[in-house]
Amino acid sequence: MMVPRLAAVPRFATLFAAFLMPHLASVAAAQEKPYFVTYSQDLEEPGNLEIETKTALARPSDSSHYGATALELEYGVSAWWTAELYLDGQSTGHQSSLYTGFRVENRIRPLMREHVINPVLYVEYESISGADKTLLEVVGHDAETNLATENGEARREHKHEAEFKLILSSNFKDWNVSENFIAEKNLGHSPWEFGYAVGATHSLRGKASVKDCTFCAEKFIGGIEAYGGLGDTQSLSLRETSHYIAPLLGWQIRRLARLSFSPGFGLTSSSLDRIYRVGLAFEIAQPGGWFHAQKGSTR
Amino acid sequence: MRLRNAVIWLFAFGAMVLAGAASSSRWEHVPSKDHARANPLTGQNEAIEAGRTIYRDHCLQCHKVDGRGDGRKKPSLRSARVSGASDGDIEWFLRQGDLAHGMPSWSNLPEAQRWQLVAYLRSIQ
């Protein structure tokens, strides 16, 4: 099966943007954390749709620089269940730009009450090619050499993978601390691969300002995350695994968008030296409401 | 005829008891330590104004203008149940949410913002 070329994506994106434009006025701000790899207990508010792009920019040694973007559509099915679709693509210098596959993911909070530690169960199906470089998780013995394969060759490899995460997350004293344990299985004959992600965030100020503002401290959230591979069932060791540490900064730009940025630093010889990530998210409040009239109140 | 009246009264009484039970049960689970907490921002006008902005950003989409509710599943916040709750009850409930019934948890907001919301909710009763 051929993976469709990236050329189809801009046309789809233009149509999609044209449809959404009139509705961007109903965007609501979300207090989401600027994590790129780690998940916290935050789910999408029920009925809301968030559109987010997460871009990774890096240069593996012995290869060209690349930019890989995941377009995420995240929908709050209920207050305890969020469903997500990711469409991935990448562009590598002196090579090509291409669509690298999709992921479908569900996150469920099994406990309806708030606890000191809140578990969230995460289940994902991925259909991606070997050219996917979004690095939204690092597992097993993932290494920078995997990212150095030429696009033409890498895109011929197709991976059908199932991924499970146990997300543990705590909100206390304006901190969020999250730990994720990852198990991933190529549905072919590969072994289970394991990984982790941990992170902490804190908003720069607790109290909200009286006036609407763009640059006030409470609009910024700082933090740090660390993630990496823990080997696989054939070799459950940290030898030749990649690990990263990445400071995080998130900025809620009024009610319009959320921008996040993170420079990541590789900690082992298998890791990329540096990976820069940029995220841009728009939240659309209650798009379901566009299709039926409101009862009893005005907007 | 008398029997019909009696049945109507019985239903009306039953409905009142049920409504009473529903309205009190929301706060029954609040731990006494949380129930007793007072809003540290009480009496500050800025807290109400800041709460109004947070309300617009996070709550308006469901609870609508001035907390009047959507007439369906998202309740009005100008109610005897809300005005009868202590500051601590409301702050606790915002932290918990009611995930099973569509109310998200707001434990991800800084605590000061939850108190600003409580100040705003008090101001619209």
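A disulfide links A:C213 to A:C216, with an S to S distance of 1.6 Å. Such a link is a covalent bond between the sulfur atoms of two cysteines. Counted over all chains, the structure holds one disulfide.

For the model as a whole, the scores are ipTM 0.86 and pTM 0.88. Chain B has a mean pLDDT of 86, and 81% of its residues reach 70 or more. A stretch to treat with care is residues 16-23 of chain B, over which pLDDT stays under 50. For these residues the model has two contacts beyond four places in sequence. Where pLDDT is low, the predicted coordinates should not be read in detail.

Strand β6 of chain A covers residues 158-172 and strand β7 of chain A covers residues 175-186; the two pair in the antiparallel sense over 12 bridges. Within this pairing, A:E161 has A:N186 of β7(A) as its bridge partner. The hairpin of β6(A) and β7(A) has two residues between the strands, and A:K173 takes a positive phi near 45 degrees there. From β7(A) the chain passes to β8(A) through a hairpin of five residues. Strand β8 of chain A, residues 192-203, runs antiparallel to β7(A), and 11 bridges join the two. On this side, A:N176 stands opposite A:T201 in β8(A).

Attention then turns to the empty space. Rolling a probe the size of a water molecule over the atoms shows where such space is left. The largest pocket holds about 1,000 Å³. Its lining is made of 42 residues, of which B:C62, B:H63, B:K73, B:K74 and B:P75 are the closest to the centre of the pocket. Elements of chain B that give two or more residues to this lining are α1 (2-28), α3 (45-63), α4 (80-83), α5 (87-96) and α6 (111-123). Of the elements, α3(B) gives the most, with six residues. Sorted by class, the lining of the largest pocket has 19 nonpolar, 13 polar and 10 charged residues.

Definitions and conventions
Residues are numbered from 1 along each chain as its sequence is written. Chains are lettered from A and ligands numbered from 1 in the order in which they are written. This is a predicted model: local features need pLDDT of at least 70, side-chain atom pairs count only at pLDDT 80 or more; totals for chains, interfaces and linings use all residues. Side-chain values use heavy atoms; hydrogens and water are left out. pLDDT is the predictor's confidence in each residue, from 0 to 100. Contact means heavy atoms within 4.5 Å. On a 1 Å grid over the protein atoms alone, a cavity is a set of points where a 1.4 Å probe fits but cannot get out, and a pocket is an open set with protein on both sides within 12 Å along at least five of seven lines; lining residues have an atom within 4 Å of a point. Grid points are joined across faces, edges and corners, and a volume is the space filled by probe spheres set on the points. Helices (H or I, at least four residues) and strands (E, at least two) are DSSP runs, numbered from the N terminus. Ala, Val, Leu, Ile, Met, Phe, Trp, Tyr, Cys and Pro count as nonpolar, Asp, Glu, Lys and Arg as charged, and the others, Gly among them, as polar. Two strands pair if DSSP finds at least two bridges between them. A disulfide is a pair of cysteine sulfur atoms within 2.5 Å.
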